[in-house]
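Keep the structure in view as you read.

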Amino acid sequence: MHLQFLGAATTVTGSQFLLTTERARILIDCGMFQGSPNESIRNRIPLAYDPRQLDAILLTHAHLDHCGLIPHVVKEGFGGPIWATNGTIELATLVLLDSGKLQEEFAKRGMRWERRNPDRAAAEDRRDLASYEAAIALADKGEADSEHPSGDATAVPGGPAAPAAPVGFAALPGSAASGEHVPTSVEPNAAGSAPSGGAADRRRGQEPRVDPAHFGRRRYDAALMIPQEGGGASDPVVATSTFSSFAALPVEAAPPDPSALPAAPPFTIAPNPEVALRAQPAKLDVDLDEPLYDEADARASLARFRGTGYDQEFEVAPGIHATFVDAGHILGSAIIRLRVVDREGGPERRIVFSGDLGRTDTPILRDPTVVTDADYVLIESTYGGREHEPEAEAIRILAETVHLVADHDGVLLVPSFAIGRTQEVVWELDRLISAGKIPLLPLYLDSPMASKASAIYRAHPDYYDQETRDLLAGSESPLDYPNQIVTNDVRQSQAIEHAKRPYMIVASNGMLTGGRVVGHLRNLIDDPTAVILFVGYQGQGTLGSHLQAGATTVKIDGQVRQVKCQIRSISGFSAHADESELLAWLSNFATGKRPGDDGFPHRVFLVHGDPDAQAALLPKVRALGFDADVPGWHEVVELE
Ligand SMILES: [Zn+2]
């Protein structure tokens with residue numbers, strides 16, 4: 001059997017793993033790449049499989065980077081079941097409909113801009129195409145490096161395999177530190193600290209980044225609501241971006257040479273669309289401005305969902321049985337355990353997909369389930385090399401920040417992921433008010449999706465831990481802030497700036513790559529009485545990571561704006577396990593066993609992490625006695 005890493009490979013988004021046996025073919029997660037344009041362009045790569053030949057999709061949880069490509073795959077012909085917990089199905093319904101709608105809106109906005117700026121549109125189309133070709137080249141690199149049994153009759157003829165290229169975090173160019181810092185105490189605005197990238201990079205002994213203007217800048221700007229004046233080197237945010245490994249690829253990707261195409265993976269029976277695409281002339285006929293899918297596509301894909309509970313084993317496809325157990329990350333989130341028999345009468349192999357792992361002893365949800373036996377483990381690594389501050393410290397910083405804003409008649413802006421983080425932040429604020437530790441400021445919950453997600457959380461106490469259920473029995477309503485104002489439309493969102501200060505806003509999205517939070521940022525960026533408080537992970541290349549790294553200027557609405565507001569970070573509210581928690585969860589597989597014993601994993605794959613996090617975590621995983629690896633994007637691994 002084979003496992004192919006189609007996403008969340010040396011990055012934190014786009015989770016997608018293809019498991020192929022002699023009898024079946026299933027996907028675990030089907031997520032969207034998000035963040036910088038270098039990530040999102042990967043959504044446009046033709047599927048590496050024929051979706052009509054997939055037996056099923058298993059979904060760990062409802063975050064967009066795990067489920068966001070489902071409507072696309074269904075639109076392309078997938079007709080099987082999508083298995084998820086009932087909580088995940090409810091949240092994924094929200095997420096996918098919202099995603100379809102957003103994509104339609106962005107496409108329309110892009111088209112209007114294109115009509116007004118035809119020359120620049122043409123130039124940027126060329127850049128988009130180069131970026132797209134670079135993405136194809138990177139995907140190709142993973143395949144070239146993977147093991148392909150020779151002489152496989154099902155392989156698509158494509159000439160001799162390309163020479164194997166080293167794949168993995170160490171081999172990827174530009175895989176520098178993300179620049180994110182996660183302070184454990186309140187810090188003043190980092191006045192005078194250098195923005196990431198550019199000169200800062202040279203000081204760290206690295207090559208300066210390729211000008212990200214070459215990588216689909218238009219979409220990036222659209223996401224930031226920045227009109228298209230200026231740009232390039234004069235754009236401090238964009239020009240000094242610490243882009244991910246992907247950005248450092250050569251812009252002028254050579255036209256594909258059909259004679260050098262690698263052999264397609266052996267499981268490919270239908271013509272591989274990616275191989276077919278690369279065999280075309282250099283001018284690709286791909287319209288990057290078309291939405292990947294629209295709201296109607298998203299709605300249609302919902303019909304494919306099938307609900308399951310935790311701890312109930314069921315047959316997914318011939319020879320593949322799955323059990324979902326609680327991952328404690330967001331409502332409905334699951335670790336997926338598979339029992340797989342490759343061919344009839346063959347040995348059974350157990351594969352565990354961690355999904356996103358939650359934390360122990362956090363509010364609302366249960367702790368991640370302890371799993372003890374597997375032959376192969378895929379574990380997320382978002383916070384490799386990092387520890388969250390203790391909960392008490394996180395709460396102290398939150399309280400101090402609220403006081404600061406209250407004392408100066410300021411505004412507290414919390415960019416938040418709509419699902420999970422928002423509910424936990426509101427929970428903690430509510431608890432602080434109940435304890436008399438912070439003043440009661442008005443809270444604007446400016447995220448329709450977060451409001452709807454909160455309603456789903458309220459409707460599902462069955463997913464709560466015992467502590468939360470006890471609280472609810474005592475008639476507390478921890479998901480409701482006492483002075484909360486929920487906004488319903490954009491006008492209400494815009495009106496918030498006229499509200500009497502001090503007040504707080506929780507708005508999505510969490511990495512400032514789009515959403516209503518960007519509108520608030522525009523109002524508050526040069527306001528010294530405002531505080532932007534990050535409570536979640538900021539992916540490489542996002543505006544959030546630049547601000548965390550101490551960027552002193554940003555470009556908004558075509559104007560360079562000084563960052564005068566305070567930037568603070570709390571990682572203690574993260575929905576992800578930190579390094580100690582990742583290692584603790586993983587060590588359960590080794591407890592009482594030695595390598596070679598039954599249930600001791602043959603191999604551990606680190607996924608869902610930026611390169612620096614994975615580089616930090618890998619030796620520690622190996623120190624637990626595991627044979628561990630960081631798979632490259634599109635790499636195929638044989639599971640024996
Ligand atoms: Zn997640």
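Here are some questions and answers that set values against definitions.

Q: How do you know which parts of the model may be described in detail?
A: This is a predicted model, so local features need pLDDT of at least 70 and side-chain atom pairs count only at pLDDT 80 or more, while totals for chains, interfaces and linings use all residues. Residues are numbered from 1 along each chain as its sequence is written.

Q: What does the pLDDT say about the chain?
A: pLDDT is the predictor's confidence in each residue, from 0 to 100. The chain averages 78, and 76% of the residues score at least 70. Residues 147-271, however, stay under 50, although the model has 262 contacts beyond four places in sequence for them. Residues 280-286 are also below 50, with four contacts beyond near neighbours in sequence. Where pLDDT is low, the predicted coordinates should not be read in detail.

Q: What makes a stretch of chain a helix or a strand?
A: Helices (H or I, at least four residues) and strands (E, at least two) are DSSP runs, numbered from the N terminus. The chain comes to 19 helices and 22 strands.

Q: Why is A8 called buried?
A: A residue is buried if 20 or more other C-beta atoms lie within 10 Å of its own, exposed if 12 or fewer, and partly exposed in between, with C-beta atoms placed from the backbone. A8 has 28 C-beta neighbours inside 10 Å, so A8 counts as buried. In the chain, buried residues make up 53% of the 640 residues.

Q: Is K75 buried, exposed or partly exposed, and why?
A: K75 has 18 other C-beta atoms within 10 Å, so K75 is partly exposed. K75 lies in helix α3 (residues 70-75).

Q: Which residues is K75 in contact with, beyond four places in sequence?
A: Two residues are in contact if their C-beta atoms, placed from the backbone, lie within 7 Å. By that test K75 is in contact with Y293 and D297.

Q: What makes β6 and β22 edge strands?
A: An open sheet of seven strands has the order β6-β5-β4-β3-β2-β1-β22, with mixed pairing. β6 (305-308) and β22 (636-638) are its edge strands: each pairs on one side only.

Q: How do you know which strands β13 pairs with?
A: Three bridges join β13 to β14 (residues 484-486) in the parallel sense, and four bridges join β13 to β15, also parallel. L445 has V486 as its bridge partner in β14 and V506 in β15.

Q: Why are the buried residues of α16 placed on the same side of the helix?
A: In α16 (residues 516-524), the buried residues are R516, V517, H520, L521 and L524. They cover an arc of only 145 degrees around the axis (the arc is that of the directions from the helix axis to the C-beta atoms), so they sit on the same side of α16. They pack against several elements, including β12 (411-415) and β13 (443-446).

Methods:
Two strands pair if DSSP finds at least two bridges between them.
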